[in-house]
Amino acid sequence: MPDWREIARRRLTPLALEAKRQEEIIAELADHLEDLYSDLVRQGKSEVEAVQSALSIAADWDELRREIQLVANEEVIMNYSLGPAGKRRFKTLWLPGACTIALSGILLRLLQIPSAPSPHVFWPQHDMPFIIYWQWFVCLPLVGGIGAYWSRHAGGKLLERALAASFPALALMCFPGLILPFMLVFQWIVHHNPPLVPSALFLLGWVVLPEAALLLGALPFFRGDAGESRPVVASH
Amino acid sequence: MNGSVVNIGTQVKRGSAELAILSVLADGPLHGYQIAKSIERQTRGLLSFNLASLYPLLYRMEKRGWVKGTWEGPVGGRRRRYYRLGPAGKRRLVPLREEWGQLFRALNRLAGVTHA
């Protein structure tokens, strides 16, 4: 019996693959050749004839090497652009998160058109008036729910579902979260009177309360395993 | 013109090979040699695979999640890599069968080509 692994290795390598993957491929091809050889011997061929036939029937080795390398390169390109974990996270976090940001942004924009109901403005004369769009708040649980549902449906874990639902509040936090400390320091240096209360209210109205509303809507989708909401799976 | 003919030919070949592999794996897990023999037997030798046509396609299908390969055994003293249908492959098989059925019906209407 020939050493099929050695034969496959000699004809196939070098391949630009990880050593482990290359060995797996060689082992698999060697198994195939050995099965073919055994069948040919069973059919009455001599061992020498069976080896020659197996090698000639089995493969165009140049094409095989080229094709395997091509598949491996496609894999490398895919993994480089977005690795397996990245691809999963894209579906379970970034995509639903982008959806919740877009939805909340569109809702907020709609409420800012002239014919929309006016927002509630506290301390309108102040430098930092406190503006609340109640209608936006009412819709936020629905937005959070959509984000968490989408994430769960895509196989998202609990944290990913929560983050996907919270994207609008997180985005709002990033903006004032970065600007506010500088502004407060500036106000303290110039006026010795930083607007602490308005800043806190700003954070409350645009980050804390929206976050709470988003998570409230997401809450029902924190239960259950990833993918549980798929109707096909649920019906079986 | 020539390029598009080659392209169609390649696509038809790859498409039919994918359908053949998914179809035999729908009956249960098989290793590479069993896949090739099973297709050859069921098509009475009309479709046959060699290493170069089978394994790159299997690896490509595995990457798409259509099939999943796992080392099992030892069977007969050797560990073997068995392939089974993945969820994406099960989903793909139904429309693929339908598409090929439509193609054969269309060719039949056009040129009297019937199923083999």
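This is a predicted model: local features need pLDDT of at least 70, side-chain atom pairs count only at pLDDT 80 or more; totals for chains, interfaces and linings use all residues.

**A chat about two chains**

User: Noted! How many bridges join β2(B) to β3(B), and how do these strands run?

Analyst: β2(B) and β3(B) are joined by 7 bridges and run antiparallel. B:Val75 belongs to the picture too, with B:Arg78 as its bridge partner in β3(B).

User: What happens in the hairpin of these two?

Analyst: The hairpin of β2(B) and β3(B) has 2 residues between the strands. B:Gly76 takes a positive phi near 60° there.

User: And which strand does β1 of chain B join?

Analyst: Strand β1 (residues 30-31) of chain B is joined by 2 bridges to strand β3 (residues 78-85) of chain B, and the two run antiparallel. As an example, B:His31 has B:Tyr82 as its bridge partner in β3(B).

User: Let's zoom out. How many helices and strands does chain B have?

Analyst: Chain B has 4 helices and 3 strands. Their order along the sequence is α-β-α-α-β-β-α. Chain B has 116 residues, and 26% of them count as buried.

User: Now chain A, please. How many helices and strands are there?

Analyst: Chain A has 9 helices and 2 strands. Along the sequence they are arranged as α-α-α-α-α-β-β-α-α-α-α. Of its 236 residues, 27% count as buried. For contacts in chain A between residues at least 6 apart in sequence, 70% join residues at least 24 apart.

User: How exposed does A:Ala98 count as?

Analyst: A:Ala98 counts as partly exposed, because it has 14 C-beta neighbours inside 10 Å. To be buried, a residue needs 20 or more other C-beta atoms within 10 Å, while 12 or fewer makes it exposed.

User: Back to chain B. What span should helix α4 have, and what do its ends show?

Analyst: Helix α4 of chain B covers residues 87-111, so at 1.5 Å a residue its 25 residues should span 36 Å. Its end C-alpha atoms are 36 Å apart, which agrees.

User: Where does a kink lie in α4(B)?

Analyst: The kink is at B:Leu93, shortly before the proline B:Pro95, and comes to about 25°. Just after α4(B), B:Gly112 has a positive phi of about 70°.

User: Why do you point out a positive phi?

Analyst: Most residues other than glycine have a negative phi. B:Arg44 is not a glycine, yet its phi is positive, at about 50°. This arginine, B:Arg44, lies in the loop between α2 (32-42) and α3 (51-63) of chain B.

User: Which residues does a cis peptide bond join in chain A?

Analyst: Some background first: most peptide bonds are trans. In chain A, a cis peptide bond joins A:Thr13 and A:Pro14, with omega about 5°. A:Pro14 is in the loop between α1 (4-12) and α2 of chain A. In chain B, a cis peptide bond joins B:Gly73 and B:Pro74, with omega about 10°. B:Pro74 lies in strand β2 (residues 67-75) of chain B.

User: Last topic: how many residues does each chain bring to the contact between them?

Analyst: Chain A brings 16 residues and chain B brings 14. On the side of chain A that touches chain B, α2 (19-42), α3 (47-58) and α4 (61-81) each supply at least two residues. By class, that side of chain A has 8 nonpolar, 1 polar and 7 charged residues.

User: Thanks, that was really clear!

Key:
Residues are numbered from 1 along each chain as its sequence is written. Chains are lettered from A and ligands numbered from 1 in the order in which they are written. Two residues are in contact if their C-beta atoms, placed from the backbone, lie within 7 Å. Ala, Val, Leu, Ile, Met, Phe, Trp, Tyr, Cys and Pro count as nonpolar, Asp, Glu, Lys and Arg as charged, and the others, Gly among them, as polar. The expected span of a helix is 1.5 Å times one less than its number of residues. The bend at a residue is the angle between axes fitted to the seven residues ending there and the seven starting there. Two strands pair if DSSP finds at least two bridges between them.
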